[in-house]
Structure formats: C-alpha cells, structure tokens
Amino acid sequence: MFKLERVIESGMVRLIVSGRIDATQLAELHDLIGSELAREVTLDLIEVTLVDCEVVRFLVQCETNGLRLVNCPAYIREWMGCERGLR
C-alpha cells in the first residue's frame, strides 16, 4: 500500500511517504512535489518499505534538483549511490 501525507511545518512542506513505491505511483508523487514549487519541500521516506529501480532513479533526480530527502532507509540510500556511480 502506498500513502502520501502532506504536513506543513514552519512554512515548509514535508511530504511523508509510506509503504511500497513503484513506477505506478511516480506520476502522483511527481505531481504533488511539483504543486509545492512555491514552498520548500522535504520528502520524508521514514515509512517506505519497498521501492523499485525507477523510484530510485526518480529519487536521485529529485535530490540532484535540490529536493531534500530525509529519513531515507539505508538500502535506498545505498542503491541511490550505486545509481549515481553508473552515470
């Protein structure tokens, strides 16, 4: 199950992602991030349980574009590092 929660803290938006994320949820996640352009956005991955390759590439691109990722599970962070090394 995939769930997104939007929390505003001190004028900043924290998007809390829960559950499994795969390519089918990327459009929704991308749209939600894009709709917050007027505010600083943090993507909180503390409750993420499983991702696929496309999601990891998306997260690498988000971080490259300045989006802050917090509470990223170690396996995702390591996978992102591998993806960066391939480019």
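# Report on the predicted protein chain

Of the 87 residues in the protein chain, 40% count as buried. The model is a predicted one.

## Overall fold

Three helices and four strands make up the secondary structure of the protein chain. Read from the N terminus, these elements follow the order β-β-α-β-α-β-α. Among contacts in the protein chain with a separation of 6 or more, 66% are between residues 24 or more positions apart.

## Selected residues

The table gives the relative accessibility of several residues that are taken up in the text below.

| Residue | Relative accessibility | Class |
|---|---|---|
| Ser 10 | 76% | exposed |
| Ser 18 | 11% | buried |
| Ile 21 | 3% | buried |
| Ser 35 | 52% | exposed |
| Glu 36 | 7% | buried |
| Asn 71 | 43% | partly exposed |
| Pro 73 | 17% | buried |

## Strand E2

Ser 18 and Ile 21 are both discussed here. Ser 18 is part of strand E2, and Ile 21 has its place in strand E2 as well. Ser 18 counts as buried because its relative accessibility is 11%, where the cut-off for burial is under 20%. The side chain of Ser 18 forms a polar contact of 2.8 Å with the side chain of Glu 47. Apart from residues up to four places away in sequence, Ser 18 touches Met 1, Phe 2, Lys 3, Glu 47 and Val 48.

Ile 21, at 3% relative accessibility, is likewise classed as buried. With residues up to four places away in sequence left out, Ile 21 touches Phe 2, Val 48, Leu 50, Val 51, Asp 52 and Val 55. The C-alpha atoms of Ile 21 and Glu 54 are 9.5 Å apart in space, while 33 residues separate the two in sequence.

## The loop between H1 and E3

The loop between helix H1 (23-34) and strand E3 (41-51) holds Glu 36, and Ser 35 is found in the loop between H1 and E3 too. Is Ser 35 buried or exposed? Ser 35 counts as exposed because its relative accessibility is 52%, and the cut-off for that class is over 50%. A polar atom of the Ser 35 side chain lies 2.7 Å from the backbone oxygen of Leu 32.

Glu 36, by its relative accessibility of 7%, counts as buried. Its side chain is joined to that of Arg 6 by a polar contact of 2.4 Å. Not counting residues up to four places away in sequence, Glu 36 touches Arg 6, Val 13 and Val 41.

Ser 10 has a phi near 50°, a positive value in a residue other than glycine. The position of Ser 10 is in the loop between strand E1 (2-9) and strand E2 (12-21). With 76% relative accessibility, Ser 10 counts as exposed.

Asn 71 is not a glycine, yet has a positive phi of about 55°. This residue lies in the loop between strand E4 (68-70) and helix H3 (74-86). Asn 71 is partly exposed, its relative accessible area being 43%.

Pro 73 is also in the loop between E4 and H3. At 17% relative accessibility, Pro 73 counts as buried. Setting aside neighbours within four places in sequence, Pro 73 is in contact with Leu 45 and Val 48. The C-alpha atoms of Pro 73 and Thr 49 are separated by 8.4 Å, although these residues are 24 apart along the chain.

## The largest pocket

Rolling a probe the size of a water molecule over the atoms shows where empty space is left. The largest pocket holds about 190 Å³ of space. Which residues line the largest pocket? The lining consists of His 30, Ile 33, Gly 34, Phe 58, Gln 61, Cys 62, Asn 65, Gly 66 and Leu 67. At least two residues of this lining come from H1, and at least two come from helix H2 (53-64). By class, four of the lining residues are nonpolar and five are polar, with no charged residues.

Methods
Residues are numbered from 1 along each chain as its sequence is written. This is a predicted model: local features need pLDDT of at least 70, side-chain atom pairs count only at pLDDT 80 or more; totals for chains, interfaces and linings use all residues. Side-chain values use heavy atoms; hydrogens and water are left out. Buried means under 20% relative accessible area, exposed over 50%, partly exposed in between (1.4 Å probe, protein chains only). A polar contact is a pair of N or O atoms within 3.5 Å; within protein, one must be able to donate a hydrogen and the other to accept it, and residues adjacent in sequence count only if both atoms are side-chain atoms. Contact means heavy atoms within 4.5 Å. On a 1 Å grid over the protein atoms alone, a cavity is a set of points where a 1.4 Å probe fits but cannot get out, and a pocket is an open set with protein on both sides within 12 Å along at least five of seven lines; lining residues have an atom within 4 Å of a point. Grid points are joined across faces, edges and corners, and a volume is the space filled by probe spheres set on the points. Ala, Val, Leu, Ile, Met, Phe, Trp, Tyr, Cys and Pro count as nonpolar, Asp, Glu, Lys and Arg as charged, and the others, Gly among them, as polar.
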